[in-house]
Amino acid sequence: MDFSMMNCELLATCSALGYLEGDTYHKEPDCLESVKDLIRYLRHEDETRDVRQQLGAAQILQSDLLPILTQHRLDKPLFDAVIRLMVNLTQPALLCFGSVPKEPSFRHHFMQVLTYLQAYKEAFASEKAFGVLSETLYELLQLGWEERQEEDNLLIERILLLVRNILHVPSDLDQEKKIDDDASVHDLLLWAIHLSGLDDLLLFLTSSPAEQQWSLHVLEIISLMFRDQNPEQLAGLGQGRLAQEQSTDVTELEVLRQREMAEKKTRALQRSNRHSRFGGSYIVQGLKSIGERDVIFHKGLHNLRNYSSDLGKQPRRVPKRRQAARELSIQRRSALNVRLFLRDFCSEFLENCYNRLMGSVKDHLLREKAQQHDETYYMWALTFFMAFNRAASFQPGLVSETLSVRTFHFIEQNLTNYYEMMLTDRKEAASWARRMHLALKAYQELLATVNEMDISPDEAVRESSRIIKNNIFYVMEYRELFLTLFRKFDERCQPHSFLRDLVETTHLFLRMLERFCRKRGNLVVQNKRKKRKKKKKILDQATASGNVPYSPEEAEAVWPALVEQLQCCAQNPELSVDSMVPFDAASEVPVEEQRAEAMVRIQDCLLAGQAPQALTLLRSAREVWPEGDVFGPQDISPEEEVQLLKQILSAPLPRQQGPEERGAEEEEEEEEEEEEELQVVQVSEKEFNFLDYLKRFACSTVVRAYVLLLRNYQQNSAHTNHCVVKMLHRLAHDLKMEALLFQLSVFCLFNRLLSDPAAGAYKELVTFAKYILGKFFALAAVNQKAFVELLFWKNTAVVQEMTEGYGSLDGRSSGRRAPTWSPEEEAHLRELYLVHKDVEGQDVVEAILAQLNTVPRTRKQIIHHLVRLGLADSVKDFQRKGTNVVLWTEDQELELQRLFEEFQDSDEVLSHIMKNITAKRSRARIVDKLLAMGLVAERRELYKKRRKKLAPSSLPNGEEPLKGFGQEDLEEEEESEEGEEIGEDSETEQAQGSSVLSTENLGQSLHQEGFSTPLLWLQNCLIRVANDREEDGCSQAVPLVPLSEENEEAMENEQFQQLLHKLGVRPPASGQETFWRIPAKLSPTQLRRVAASLSQPNEEEKLQLELEAKVPGEQSPDEEHWKEHRAQALRALLLARKKKAGLASPEEEEETVSGKEPLKVAPRKRQLLDSDEEQEEDDGRSRAPELGAPGIQKKKRFQIEDDDEND
């Protein structure tokens, strides 16, 4: 689309704005509506920004909007609308497109919008436009906060945004072609701001406590004003040329003069200008051509120096992703009057505004009132104005707000954050690198200011500097920062200016640290060390938890001593039952599910010889859990109690693990390793050694970064070259590691330096190069392999072997070096790896370790040697968690299909397939493959097909029932720990009935205490949830939200919470939930039964009358279904109360359990497929009736899978 041709609607709208006649602009009657229409068009422009481009091509801002702004300022509605439109038109192109587009078509649109913005900036470079903005802003700021309306605040913000947008437009250097000391478009804009008085208003906004809401806007404008300026040059303006500047200019002139003299000398040595067609051909001996012969050179001898094998070849193209990052920041000297104005602005800003503004901005950043990445403006202002203060007349009080340890911490924190984001967010790595460069410069300026404070004549200033340095050098993160930045330096994202600032900052930090250590004598610093702890896995949970079960022989030995005590206690009528509680009310496990734990407590008391406590616990448990007569019937005789306690003593009861061991097993249940490595950070103090710290820089990555910067020694400043040479000299001379620089690329750089005609200007570099070369040739006379070592970068170990002899490290660290691999061991390792690599479900390395018994090896050594032998691609292939995916072959798929067709009618399809399949695979892999092959449509088809078993309801006699109870409870614990869902809803309803019985007394006491209304609310919630679950057919956890104050107080009552626990309501998860929740595992029938149990005792007669008065009439199916469930719940409640009072007859029980209208069993939930004990449990249950041994009826617990509840 050609955007130079304007849309007809846009053209009509722009024509209705008005026209310019001479210098006077005549607006049309519909001018205000037309401006609003343009705002509306911009709001609905497409992704190519077509409306913006058409308005830019028509120059609407230059020809219409600016004249309206300057000549019709008194028309307030029109003025506000024009400001809104200008803010929209001048917003940065990056905001319009999100980022610089990579697609060529969108990049063209981006460049076009940028061109129009540069035209807007040039049009705004006039005193008239900024004069109107300044006057309007002045009038608005004159209003007090009580007189200022919301529209006034919006207009102030829009004016500041408009100034920000205009200053943000980048300069077009190719089009302007301005040199230093010449006025560019940006300089003209700054001068217009100065003439209009807008700079004074900015200073007022920063210094006024009542205008702190504009602090970030003003700081952004100030940063854009000074973006091309150098603070040191501004500070030295008007004070004459400094001695340092003069010496720098003299050095540059000397370099140019020496190079010019060398070129003249080279031309003089060449042949005369007389042309000769017979220049001759020469053979270069020792330099081979493509074949075996020497190179034939067809040019004059004076050109032989420039000969290279690369002449005539096309240079290799470097991909974009490998190209070095470009320099984006450009510094230039503005016109003299602009620099003088900016210098005065800086001085006034430091004296009156800096501390207040930086404190306000820091507060905004810490309270997260600012926008994203606004901290970059804070760091820029810190860098610029502290450098200006240090170069002008150093006064620490002017920058005291940012001169503290907290500022160091803030900068270091952001620098580390940018560094981590640059490594993780690779698409925006360049943006993160630019932010990291800003943080590094701020850190450098903080160090420079502290260093300047050391030479201050004021003793208080020097003491403040000493305190700051003591805190900085003490903390380990500040010392490790530079090492981290060097090791992760990437020239593809970070430009050379970043590397230059990093080298200079490191030089300053090391110099300050060295001087501080020399003055202090000894320096104690913080040391953090990651210590690897080896924690052995719990192999025997019973032993680890301290609950070691006694053997039957020991139990029989203890029993004779207990019989006499038990008989005495059983006959004692004063034995109090209320003295001991058999359950833990504070536990998250419901009381109904703590029956097995109570049995274990009784056994522990017997084993400890505490007969009275054991008998008391037995009687208390009988009252709490009367159902099933597990702890004996209510009318049990004392002799029967003693026999029951004997059975408990000898029964193999399940032992529950402690919370720590249980948590460890949940975390590590999938790992089958014997040891676990944990990293623990240990913080300690140690005496600091500067040379030990310097050795941390003696690595190839740091040296390569310094050499990379040294390659541009001709463009570097003298200070930068000094910083590079000083660090390399520290490594080579102080640490005696000259061999770190024995590298071919470094020697090529030294050769270029020594052959440079202007080498006299780089005396320090030349001296260092000659020193390194001398050390190398001295070593080469002893070690002939030194020439080969030139091809590689070296670490400290290689350097030591080069200088002291190869193999010198073997004697020192022979105890720590890994034993070498013999050919026989390698062959054995290869054989073991090929045998175990395709075995599903086992760790290859662990299997090799178990069979490799020749020499003790570690897991790490085996993995690295497998990679070295080429048997594996990477160390990551041997991660402990997970198994390698083994593809299914065609024969294995046919075998799986045959086994599925053979066992698909059996109760346990998966178990039979896993037993008979040839290639052993996990249960989940087999299920996934069956689904992928289409043999089953969904996972529920593979669930186990269970048959209901009716348990006896009478209490058995003999020892076998109790043994069955213990064994079933053990299986119950294992099932609950593994999360298996292996029960029927009928058994859960029986368990819920016990909950009703146990909550009756608690509900009565709550009614008496005045909690009738909250109990009624809880009852209604339970019934409503039951109805919803019955209608929807699915269940999920439902929160109990108390809306009234009375219900909220009840939810905070301990007794009420205990009632909720007993009802099965789940408490809120710590840190994630707020309200109690009705679990998803409760069926509608269970919810109605629990709700009925909350009725008052005097309502029992009403319930009985209600049941007797039931007359079926014309009712809808839903009503009949609901009333049927309600009737069943009421019958169950009445039967439970009669049973507790001893009034229930067997006929009533039988009628309730198996009446004409049986309870409707809810559909079974899907079971977990990863159960290894289910078959054994079924075998154990089916074996008991055959033997004729009666068993105590066991309550099964449900663990229905609910994703919402677990979340």
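The legends below describe close-up views of a predicted model.

**View 1. Salt bridge between Glu220 and Arg164.** The side chains of Glu220 and Arg164 form a salt bridge, with N and O 2.9 Å apart. Glu220 belongs to helix α13 (residues 215-225) and Arg164 to helix α9 (residues 150-168), so the pair ties together parts that are 56 residues apart in sequence. Both partners fall under the 20% limit for a buried residue: Glu220 is buried at a relative accessible area of 12%, and Arg164 is buried at 15%. By the rule used for such pairs, the model holds 26 salt bridges.

**View 2. Salt bridge between Glu514 and Arg730.** Glu514 and Arg730 are joined by a salt bridge whose closest N and O atoms are 3.1 Å apart. Because Glu514 sits in helix α23 and Arg730 in helix α32, the pair ties together parts that are 216 residues apart in sequence. Glu514 is partly exposed, with 25% relative accessibility, while Arg730 is buried, with a relative accessible area of 4%.

**View 3. Leu508 and Cys723.** Leu508 lies in helix α23, which spans residues 496-520. Leu508 is buried, its relative accessible area being 10%. Along the chain, Leu508 and Cys723 are 215 residues apart, and their C-alpha atoms are separated by 8.7 Å.

**View 4. Salt bridge between Arg859 and Glu846.** In this pair, the closest N and O atoms of Arg859 and Glu846 are 3.1 Å apart, and the contact is a salt bridge. Arg859 is in helix α40 (residues 859-868) and Glu846 is in helix α39 (residues 844-851), so the pair ties together parts that are 13 residues apart in sequence. Arg859 is buried, with a relative accessible area of 12%. Glu846 is partly exposed, with a relative accessible area of 31%.

View 5. Arg49 is placed in the loop between α2 (31-43) and α3 (50-57). Its relative accessibility is 18%, so Arg49 counts as buried. The backbone angle phi of Arg49 is near 60°, a positive value in a residue other than glycine.

**View 6. Lys736, another residue with positive phi.** Lys736 is not a glycine, yet its phi is positive, at about 60°. The residue is found in the loop between α32 (718-734) and α33 (744-754). Lys736 counts as exposed, with 57% relative accessibility.

**View 7. Thr402 and Asn355.** The loop between α18 (375-391) and α19 (405-424) contains Thr402. This residue counts as buried, since its relative accessibility is 0%. The C-alpha atoms of Thr402 and Asn355 are separated by 7.7 Å, and the two residues are 47 apart along the chain.

View 8. Strand β3 (residues 282-288) pairs with strand β4 (residues 294-297) in the antiparallel sense, over four bridges. Lys288 stands opposite Asp294, which is in β4. In a regular strand, side chains alternate between the two faces of the sheet.

View 9. Arg107, Arg317, Lys320 and Arg326 form a positive surface patch. One of these residues, Arg107, lies in helix α7 (residues 104-124). Arg107 is partly exposed, with a relative accessible area of 40%.

**View 10. A negative patch on the surface.** A surface patch of negative charge gathers Glu1045, Glu1046, Glu1048, Glu1049 and Glu1052. Helix α47 spans residues 1045-1052 and includes Glu1045. With a relative accessible area of 59%, Glu1045 is exposed.

**View 11. A nonpolar patch on the surface.** Four residues, Leu744, Val788, Leu791 and Phe792, form a nonpolar patch on the surface. Together they have about 390 Å² of accessible area. Val788 is located in helix α35 (residues 786-789).

How values were computed
Residues are numbered from 1 along each chain as its sequence is written. This is a predicted model: local features need pLDDT of at least 70, side-chain atom pairs count only at pLDDT 80 or more; totals for chains, interfaces and linings use all residues. Side-chain values use heavy atoms; hydrogens and water are left out. Patches are made of residues with over 30% relative accessible area and no salt bridge: like charges are joined within 9 Å, nonpolar side chains (Val, Leu, Ile, Met, Phe, Trp, Tyr) within 5 Å. Accessible areas come from the Shrake-Rupley method with a 1.4 Å probe; for residues, only the protein chains shown count as cover. Lys and Arg count as positive and Asp and Glu as negative; His and the chain ends are not counted. The place of a charge is taken as NZ of Lys, CZ of Arg, CG of Asp or CD of Glu. Helices (H or I, at least four residues) and strands (E, at least two) are DSSP runs, numbered from the N terminus. Buried means under 20% relative accessible area, exposed over 50%, partly exposed in between (1.4 Å probe, protein chains only). Two strands pair if DSSP finds at least two bridges between them.
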